[in-house]
Amino acid sequence: MLKSLQSLNNLYFTNPGKLIFEENGIAISVMDFAESAMSYIEKHKDESKTIGIFANNGLAWATAEIGLSATNCTLVPLPRFFPDTLLSKIIKDSQIDVIYCDQENINRVSNLFHNTQLFLTHSVSNWKLPEDTFHKRIIYTSGTTGIPKGVIQTEKQMNIVMQSLVDVFSINCCDKYYSLLPISTLLEQIASIHCVLLSESFAIFDPVVSNNIFNLDKDFVANILAKQATLLCLTPALLD
């Protein structure tokens with residue numbers, strides 16, 4: 001099981017009112033986040049489907065990812081920066097059964113795949129972490145050839161990465177992570193969602209800024225300072 005799920009489960013019963021994620025200035029508590037994720041667990045708990053996610057950086061993605069991570073389904077994060085031709089190839093190659101999508105991107109994705117659905121709404125059930133599930137995901141990257149290549153990531157591999165990041169950067173409950181890189185990349189998924197839960201810290205989602213991460217303006221640094229972020233991931237090109 002993912003360590004982030006175990007940490008969320010502990011927080012739900014010991015500190016449910018703790019604020020854990022924020023989007024557009026609105027924060028969500030551990031309890032509300034966990035019970036929103038529960039809607040995906042309830043729907044897919046007895047299934048082993050391959051499920052895609054296509055959306056901007058935000059709470060809807062984080063909720064779906066955590067909920068689906070507690071099932072036996074295979075998760076396929078779809079890169080929004082890929083052209084439609086490559087996205088179609090990924091959908092076919094990974095044999096996706098259903099894609100969850102946000103309202104902003106629903107028309108684009110529906111034209112690529114027939115079974116595209118909007119993200120689920122808040123569950124009416126209390127959080128309950130399932131036992132004996134095994135999660136994996138397929139991460140696609142264009143690499144140097146321009147042809148998408150899928151790599152399977154298991155729970156064990158993800159646990160090693162998230163624990164290493166928390167240890168190396170001494171991430172703790174006082175930290176604020178600012179999610180900027182596309183959340184379809186494995187590093188951003190682990191840093192902005194799983195490390196945050198594992199370390200009991202806090203993450204800030206800013207869809208407008210993250211959608212324009214490769215076209216930054218002069219106010220970018222000032223925006224980071226205004227968010228009082230202590231952690232973020234950037235590529236070498238952005239650091240230049």
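Analyst: A pocket here is an open set of grid points with protein on both sides within 12 Å along at least five of seven lines. Rolling a probe the size of a water molecule over the atoms shows where empty space is left. Keep in mind that this is a predicted model.

Start with size. Leu-165, Phe-169, Ile-171, Tyr-177 and Leu-187 belong to the lining, and so do Ala-191, Cys-195, Leu-231, Leu-232 and Cys-233. What classes do these residues fall into? Ten are nonpolar, and there are no polar and no charged residues among them.

Cys-195 leads on to another residue. It lines the largest pocket, and it is also in contact with Met-162. Met-162 sits in helix H6, which runs over residues 155-168. Is Met-162 buried or exposed? It is buried, because its relative accessibility is 0%, and the cut-off for buried is under 20%. One takes in Leu-2, Lys-3 and Ser-4. The other takes in Ile-190, His-194, Cys-195 and Leu-198. Ile-193 gives a distance to check: its C-alpha lies 9.7 Å from that of Met-162, although 31 residues separate the two in sequence.

Next, the charged pairs. How many salt bridges does a search of the whole structure find? It finds four.

Take Arg-137 and Glu-65. Their closest N and O atoms are 2.8 Å apart. Arg-137 lies in strand E7 (residues 136-141) and Glu-65 in helix H3 (residues 59-69), so this pair links distant parts of the chain, 72 residues apart. Both Arg-137 and Glu-65 are buried.

Asp-206 and Lys-227 form another salt bridge, with 3.8 Å between the closest N and O atoms. Asp-206 is in the loop between strand E10 (202-205) and helix H8 (207-211), while Lys-227 is in helix H9 (residues 220-227), so the pair ties together parts 21 residues apart in sequence. Asp-206 is buried, at 10% relative accessible area. Lys-227 is partly exposed, at 22%.

Glu-47 and Lys-49 also pair through their side chains, at 3.8 Å from N to O. Both ends are partly exposed: Glu-47 has a relative accessible area of 23%, and Lys-49 has 33%.

Which residues of H4 are buried? They are Leu-86, Leu-87, Ile-90 and Ile-91. These four are on the same side of H4, because they cover an arc of only 140° around the axis. Thr-85 and Lys-92, on the other side, are exposed. What do the buried residues of H4 pack against? Their partners are strands E3 (50-54), E4 (74-77) and E5 (98-101), helix H5 (106-110), and E7. Gln-95 follows H4, and its phi is positive, near 55°.

Terms used. Residues are numbered from 1 along each chain as its sequence is written. This is a predicted model: local features need pLDDT of at least 70, side-chain atom pairs count only at pLDDT 80 or more; totals for chains, interfaces and linings use all residues. Side-chain values use heavy atoms; hydrogens and water are left out. Buried means under 20% relative accessible area, exposed over 50%, partly exposed in between (1.4 Å probe, protein chains only). Helices (H or I, at least four residues) and strands (E, at least two) are DSSP runs, numbered from the N terminus. On a 1 Å grid over the protein atoms alone, a cavity is a set of points where a 1.4 Å probe fits but cannot get out, and a pocket is an open set with protein on both sides within 12 Å along at least five of seven lines; lining residues have an atom within 4 Å of a point. Ala, Val, Leu, Ile, Met, Phe, Trp, Tyr, Cys and Pro count as nonpolar, Asp, Glu, Lys and Arg as charged, and the others, Gly among them, as polar. The arc is that of the directions from the helix axis to the C-beta atoms. Contact means heavy atoms within 4.5 Å. Lists of a residue's contacts leave out its neighbours within four places in sequence.
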